[in-house]
Amino acid sequence: MSSVIKKIVSLSLLIMLLALIGIFSILWIYSNKLPDYKFLKNYKPPVSSKLYSGNGVLVSDFSSEKRIFVPFEAIPNIVINSFLSAEDKNFFYHPGVDAKGIVRAIKNNIKNALKSERLEGASTITQQVAKNFLLSDELSINRKIKEGLLALKIEQTLPKERILELYLNQIYLGEGSYGIASASLRYFDKSISELNYSEAALLAALPKAPRKYNPYKNIKLAKYRRDLVLKNLYENQHIDQNLLNELTNTDIQLS
């Protein structure tokens, strides 16, 4: 009996060793084929170029994307807390890939698959930066592996604040608006420093599906998604129960 157990243990260890060798081989191959990510250290997104007449009237907008760059230091905590609660609550604690988030997504997706509901992703903000700047929107295992590896390397090169700055200035938020500053003006005619949690939560609700949750086209769906972000803000202890109740009972006010 002992010899059988020894054979089983030996076979198990061999399989594990071969699996590890296979995994490391795959990662090594992909690591040598990653696009250059170091330019992100000094990258500045393209901003709007406008032509005004002598009396201040806008004559023409030459921008392909509506964007106003905002440095991290100028982004209020209300906006940061809202986006992290919506997209990546563990952003400041993971190394680029959130293992807990992946396990949670797998569990939830098993339930979603059984109910024929929409599957959820587990991409961190760093992974989204990797995808938006360096990869395509292709849905494949190949892209996800590259995305994860790039996220790990980006985190080793850039501070968290820079990564978040890139994300918040690059992300598409619907209505032709790229970045939080442009979107804030488009939806509320306000600078980001003037936003309250209800408004910031709506902006944070948009990256998941800007067209689907566009408040100009589907106010009920936009409010539903905004309220989920507000609930996350409460669970992450950024707002209290009274403020949560007040904000979820507030209608969306657009410019």
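The model is predicted, so local features need pLDDT of at least 70 and side-chain atom pairs count only at pLDDT 80 or more, while totals for chains, interfaces and linings use all residues. Residues are numbered from 1 along each chain as its sequence is written, and side-chain values use heavy atoms, with hydrogens and water left out.

Let's start with Asn 214, found in the loop between helix H8 (197-205) and helix H9 (219-235). Helices here are DSSP runs of H or I with at least four residues, numbered from the N terminus. Asn 214 counts as buried because its relative accessibility is 3%; buried means under 20% relative accessible area, exposed over 50%, and partly exposed in between (1.4 Å probe, protein chains only). Its side chain reaches the backbone nitrogen of Tyr 216 at 2.8 Å. Beyond neighbours within four places in sequence, Asn 214 is in contact (heavy atoms within 4.5 Å) with Glu 175, Tyr 187, Leu 206 and Ala 222.

Now for the rings. Rings of Phe, Tyr and Trp (its six-membered ring) pair if their centres lie within 6.5 Å; planes under 30 degrees apart count as stacked, over 60 as edge-to-face and the rest as tilted.

| Pair | Centre to centre | Angle between planes | Type |
|---|---|---|---|
| Phe 91 and Phe 92 | 5.0 Å | 75° | edge-to-face |
| Tyr 187 and Phe 188 | 6.5 Å | 50° | tilted |

Phe 91 is buried at 0% relative accessibility, whereas Phe 92 is partly exposed at 36%. Tyr 187 and Phe 188 are both buried.

Definitions and conventions:
Helix = DSSP H or I, 4+ residues; strand = E, 2+ residues; numbered from the N terminus. Polar contact = N/O pair within 3.5 Å; in protein donor to acceptor, adjacent residues only side chain to side chain.
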